[in-house]
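Here is a friendly walk through one protein model. Please keep the sequence and the 3D view open as you read.

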Amino acid sequence: MQLNKPRDTFFVFRNTIKHVITLSAAAASLTLAITQCVILRYSNITCYWETSDHHLNASNYKLQINITNCDSKENFNVVGVCDTRGSNCAVQHINSELLCFRADVLADTHTGSIRSPPYFFIGLKSVKLPPPQIKHLKSSARCLHVVWGMKRFPKDVKNHIRLQVEFTTHDQTRSQTVQAYSNETLELCDLHPGSKYTVRLRAQDDRADAHWSSWTSIDTTTAEKAPSAAPRLWRHIQPAEEAGKRRLTLLWKPVSWPEVNGVVLSYSASCRSELDSSQWTCGALNASRSSCVLAVSTDPCHCNLTATNSAGTSPPAHLYIPAHTDAEELPPPQSISVTPLDDTRLKVEWTAALNQSESGFVLQWSSVPGSGPASLHWEQMNKTARSFNLTGLLPEVPYNLSVVKLYGRRAGSAKSVIAFTREGAPSVGPKMTVLRTSSSVIILKWEPVPLEKLHGFIQNYTVLYSINGKTEGEKVCTRAEQISLTGLTAGTYNICVMAHTAVGGAAGPWHMVAVGLEDVQVIPILLCSLLLSFLILIIPLCLRVRIKQCLCPTVPDPSKSSLSVWSYTKPCQHKLTSTMSSIISIGQATSYQGYAEKDYDPIQVLSYHTVRHDDNEAETKTNGTATYLDPKPAPTQAFPKHLLNQSYTKPDQVLPAGFTGDLEPSSADLLFDSLFSCERNPVDLSGYIHVSQSYAPFVTTVDAYRTAGLPEDTNITA
């Protein structure tokens, strides 16, 4: 077709431009588009957009909002323009929402500019109200009264406000939406007493059902009431320790929500005997306690437990404790089974006994070995329960699980089972003991490995024995704890016992056992011989001092006595009577003095001479010669020079009967005469006389009153 006229050329150019613009707008709509625009009353208009091309990499966005005709959507008047690098932007708002608006956004990229398709919206349907305000909140046990309002509340919107209320407690949320008016009171009832609630409010113009205001929230607590249910009570009974007494541990769990109706402040637990008026109580216990220990009698008793909050006391929980010798036992559940779920969980299932009307069940569990009531965990369930999942357990740890049926206030017998979440290999092996050996037989016995060290269920034992580098083993069942190894050859065997679980095994200590020596065990005999030889050698060494004293007694050395050295100190200064009263002893019974006595003992010192025998005087037993005391001896030299530095000894010979006088006095005569001469010439004898520990003279007194020239009424004592 030929275009000869200019007018036809203009129309073709215009259509081409329109087509290009349409294609560009279609391409831009696939990449950039406005999703919504919201009018915040008395604030601004905010529009949001998104792009489908993540590689657009726009450096800037420009939002433009225009007022348009609601019908023709033409005749644009600019409301405002804003620039941003994000995905939303706000322009200044006008004071009316009764208009219609047109918005578009222009994106600057490295390849050029892209404009989004126009977005048209009506003001009334895009209004978002400001969040409401909670001015006052009043609570009771069952209801909440909320007084709310809004800032700059427009009159034209008053009849179009919709209010949504949410109140949440213990992860339970209730919500309701009401048509409300400003400064009115909302009443929220059917709440739980003593519970903490979170109250939230938001508002909406019912003409703009797509836009809710932001939430306004506040926390509050309803008023408390006395607990409406009793705590859950359980017990742990230990054997009697004293006559007529046993240890009873009461265990309980707090009253569950919502029956608790507030915060528990204290517990009160007590037990009362069924046979007499005896009563035992724990008193008031703070809310953190969950157990109480009582020393009760062996008679049956009833125990009670109550919980108290600021509003009152709960109903009591009752539990019957049977007598210590009560033979009547209520039946346990029919069966119990355990299924491991993972390393920390077990599923426990049970079957109730037939023809029994149970009121509930108690599941107990504790690790093995348990440490009394402190390690006991328990859970009480209603009569319809038949399973329970235990959590928070440990792998390779044995747990003792038991299920007890409740018959009203009484508890039946327990059905128990041991279970693991996951089994492991034993940590130690059995300890072995050799009972007897013979020429070809060894009898062994071992102790089972404690369950907590097995880390699993025992599957079997293996007895390993080796000789000359060759090892053999015998498999033994789990119940056996003794075995006889027969058909053995002579020699020394290394033997041990292994314990096996489903995961692995562990060996106990090895022992060396000799076989074929006619039941004579060489090693014990050698040890006994060495011990006996050691004792034979060590005993004489330990007792060598005592043996030497018995075989070779110590003989006194006269040269080391105190009389071996004489020294003159000073002359006699006192009368003989005072001197003799301190050194002369009459009637001394012993003539020898031991070394254990004192160094200085008094000596009987008397002057004597021999006279002829007369019939009326006493005789000695040797050759008829008598010895008499001379009360007035002649004065002599105190100590002659030839007697110095000599020890005094009593003469052993006996004088002849016909001898009348001492022509030449002996050393003993001179000694005694010199002592008695001190009466006429007083001299202090303490410087001369030293008592020898070797011997002391023994003198028989004929007339006690004629001694040393003293008066007859004078007693001379040591």
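## Disulfides

Cys 82 and Cys 89 form a disulfide, with 1.9 Å between their sulfur atoms; the term stands for a pair of cysteine sulfur atoms within 2.5 Å. Cys 82 counts as buried because its relative accessibility is 10%, and Cys 89 counts as buried at 8%. Here buried means under 20% relative accessible area, exposed over 50%, and partly exposed in between (1.4 Å probe, protein chains only). This is a predicted model, in which local features need pLDDT of at least 70 and side-chain atom pairs count only at pLDDT 80 or more, while totals for chains, interfaces and linings use all residues. Residues are numbered from 1 along each chain as its sequence is written, and side-chain values use heavy atoms, with hydrogens and water left out.

How many disulfides does a search of the whole structure find? It finds six. With the bonded cysteines numbered in sequence order, they pair as 1-2, 3-6, 4-5, 7-8, 9-12, 10-11.

Cys 70 is joined to Cys 100 by a disulfide, S to S 1.9 Å. This pair links distant parts of the chain, 30 residues apart: Cys 70 sits in the loop between strand 3 (60-68) and strand 4 (77-84), and Cys 100 in strand 6 (residues 100-109). Strands (E, at least two residues) and helices (H or I, at least four) are DSSP runs, numbered from the N terminus. The link of Cys 70 and Cys 100 is right-handed, with 105° about the S-S bond. Cys 70 is partly exposed at 41% relative accessibility, whereas Cys 100 is buried at 6%.

Another disulfide joins Cys 143 to Cys 189, S to S 2.2 Å. The torsion about the S-S bond of Cys 143 and Cys 189 is about 115°, so this disulfide is right-handed.

## Strand pairing

Strand 1 (residues 32-40) and strand 2 (residues 44-51) pair in the antiparallel sense over eight bridges; two strands pair if DSSP finds at least two bridges between them. Leu 40 has Asn 44 in strand 2 as its bridge partner. The hairpin of strand 1 and strand 2 has three residues between the strands, and Tyr 42 takes a positive phi near 60° there. Strand 1 also pairs with strand 9 (residues 127-128), in the parallel sense over two bridges, and Ile 39 stands opposite Val 127 in strand 9.

Elsewhere, four strands form an open antiparallel sheet in the order 28-27-30-31. Its edge strands are strand 28 (377-382) and strand 31 (410-419), each pairing on one side only.
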